[in-house]
Structure formats: C-alpha cells, structure tokens
Amino acid sequence: MIESIKKTVRTAGARGLFDGITGTWLRQMSYSVCRFWAYDESKKILGAGKDAPAWKLGLAGSMAGGIAGLVGNPGEIVMVRLQGDFAKAPEKRFNYNHSVDALFRMVREEGVSSLARGVGPNVFRAILMNASQLASYDFFKAELLKTGYFQDNIACHFTASFAAGTVATTVCSPADVLKSRIMNASGPGSNSTLAVIRSSLKNEGAMFMFKGWLPAWTRLQPTTILIFLIFEQLKNGVDHSRSLGYDII
C-alpha cells in the first residue's frame with residue numbers, strides 16, 4: 001500500500017491520490033443514499049426496533065444492500081474504472097474525463113448492458129457490506145450502551161463505527177476483490193465471475209480473496225466512522241427541529 005502511494009505521488013503528484021473522485025461522488029450519491037433509506041424502511045417492515053436481535057438487523061441490512069447494489073451498480077463501475085485507469089498501460093486505459101463522460105461512453109461504446117457489468121458480485125458485496133456495516137454498527141452501539149460505560153454520544157458512536165468498519169472490511173473482502181477485477185475487465189469472456197475466480201485461484205491461491213485487506217480497511221475505516229458520526233448528528237438535528245415544531249425535514 002505504501003509503495004502504491006509513493007508511486008502515485010511520484011508519477012502523478014499529490015493530486016493523483018484523488019484520481020476518480022467524481023466516480024466516488026456518483027457512487028455515494030446513488031448507492032449510499034439508497035442504502036440508508038432502504039435500511040430504515042427494512043427495519044420498519046421487520047419490526048426491528050431499538051433492541052432488535054442481531055439477525056433482524058442483519059436481515060434488514062441485507063435487504064437494503066440488495067436494493068442499493070442494483071441502484072448503485074453503474075456508479076460502482078465508473079468509480080472502479082476511473083480509480084484504476086492510470087495503473088494500466090496507456091493503450092489499455094479508458095481515458096474518461098469524469099463520471100458523466102464515463103456513463104455516456106459506456107452506453108455508446110459498450111451498450112446499455114455494460115451498466116450491469118458485475119452486478120451479481122456487486123449486489124452480493126452490497127448485501128455483505130450492509131449486513132456487516134449497518135447492522136453491526138447498530139448491534140455494537142446497543143451493546144456498548146448496555147455496559148453502562150457509554151452514553152449515546154460521540155464516544156459511543158466512534159467506538160461502534162470503528163468496530164463496524166473492521167467487521168465490514170473482513171466480511172466484504174472476497175466480494176470486493178472479485179467485483180473490482182470483473183468491472184475492470186474489458187475483453188470478451190474475461191469478465192465472468194467463474195472465469196475471474198478460476199484465473200485468480202490458479203495464479204494466486206485462495207488468499208487472493210483477501211488481497212488488499214489493509215488498504216481496504218484504511219479506506220473503509222475513516223469512511224465508516226465519518227458516515228456514522230455525521231449521520232448521528234444529522235439525526236439529532238432533525239429530532240431537535242421536530243421537537244420545536246418544524247416538521248418539514
């Protein structure tokens with residue numbers, strides 16, 4: 001990971017660390033917005049209240065992940081391609097200008113079906129992510145509050161989100177690796193899930209599924225912590241505004 005960072009800075013400068021950021025924005029504005037909405041709605045459907053058992057939270061997270069994975073698949077492909085483009089040989093690069101350009105060119109050059117490339121592993125990964133990240137956060141938060149050492153404050157939210165980020169990274173690693181490899185493939189027949197698994201097992205062994213765990217954890221951990229810390233504060237703000245009689249939010 002350190003060598004990758006050094007190489008990026010050496011060849012593309014510090015700005016190279018932010019390559020593909022428009023793809024990240026597109027992905028977050030589709031996948032992440034949808035998953036939080038779907039998770040809350042799924043908990044209502046299942047009757048998963050404040051002290052709900054872990055299996056209900058996990059099921060609600062899985063339902064949300066399935067929905068969000070479908071909705072966010074195009075953004076996921078764009079993000080993966082934009083972020084991995086400069087690591088390829090010049091003749092193999094996509095050379096997208098930004099995320100919107102990527103979407104239009106994918107449809108024009110590869111057909112509408114290209115937006116569904118890797119949708120199976122992506123939905124599977126989204127199910128794992130939401131069942132492990134969202135559900136484990138709620139679970140850890142509830143357990144921390146039961147100990148009596150924590151109040152429902154930033155310290156509790158930080159600790160629960162730190163644990164949730166570690167769980168989510170480990171659970172999602174296999175699907176993450178497969179998803180990235182399939183979405184980066186462009187040759188005919190090279191992007192099927194089975195073809196990628198066979199090739200990776202043959203060349204790297206079973207542990208290929210956890211390749212890049214540390215950089216994945218380094219990326220997901222601060223993201224998870226920031227998401228939940230900000231999310232909790234926004235919820236408090238909404239609750240406060242409603243208590244004052246402002247119900248437009």
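View 1. Taken over C-alpha atoms, the centres of domain 1 and domain 2 are separated by 10 Å. The domain assignment gives domain 1 (1-117) and domain 2 (151-248), with bounds from an automatic or database assignment. This is a predicted model, so local features need pLDDT of at least 70 and side-chain atom pairs count only at pLDDT 80 or more, while totals for chains, interfaces and linings use all residues. Residues are numbered from 1 along each chain as its sequence is written, and side-chain values use heavy atoms, with hydrogens and water left out. The contact (heavy atoms within 4.5 Å) takes 11 residues from domain 1 and 14 residues from domain 2.

**View 2. What gets covered up between the domains.** About 1,200 Å² is buried between domain 1 and domain 2, with carbon and sulfur atoms giving 64% of that; buried area is the accessible area (1.4 Å probe) that two parts lose on being put together, summed over both. On the domain 1 side, Met1, Phe36 and Arg117 lose the most area to domain 2, together 48% of what that side buries. Salt bridges (a Lys or Arg side-chain nitrogen within 4 Å of an Asp or Glu carboxyl oxygen) come to 0 between domain 1 and domain 2.

**View 3. Tyr137 on Phe228.** Rings of Phe, Tyr and Trp (its six-membered ring) pair if their centres lie within 6.5 Å, and planes under 30 degrees apart count as stacked, over 60 as edge-to-face and the rest as tilted. That rule gives 8 aromatic pairs. Tyr137 and Phe228 have ring centres 3.9 Å apart and planes at 5°, so they're stacked. The pair links distant parts of the chain, 91 residues apart: Tyr137 sits in helix α6 (residues 119-147) and Phe228 in helix α9 (residues 213-243). Helices here are DSSP runs (H or I, at least four residues), numbered from the N terminus.

**View 4. The largest nonpolar core.** A nonpolar core is a set of buried Ala, Val, Leu, Ile, Met, Phe, Trp, Tyr and Cys residues joined through side-chain atoms within 4.5 Å. The largest one has 16 residues, and Tyr39, Leu57, Leu134, Tyr137 and Phe228 have the most contacts inside it. Helix α6 gives the most to this core, with 4 residues.

Technical notes
Helix = DSSP H or I, 4+ residues; strand = E, 2+ residues; numbered from the N terminus. Buried < 20%, exposed > 50% of the residue type's maximum accessible area, 1.4 Å probe, protein only.
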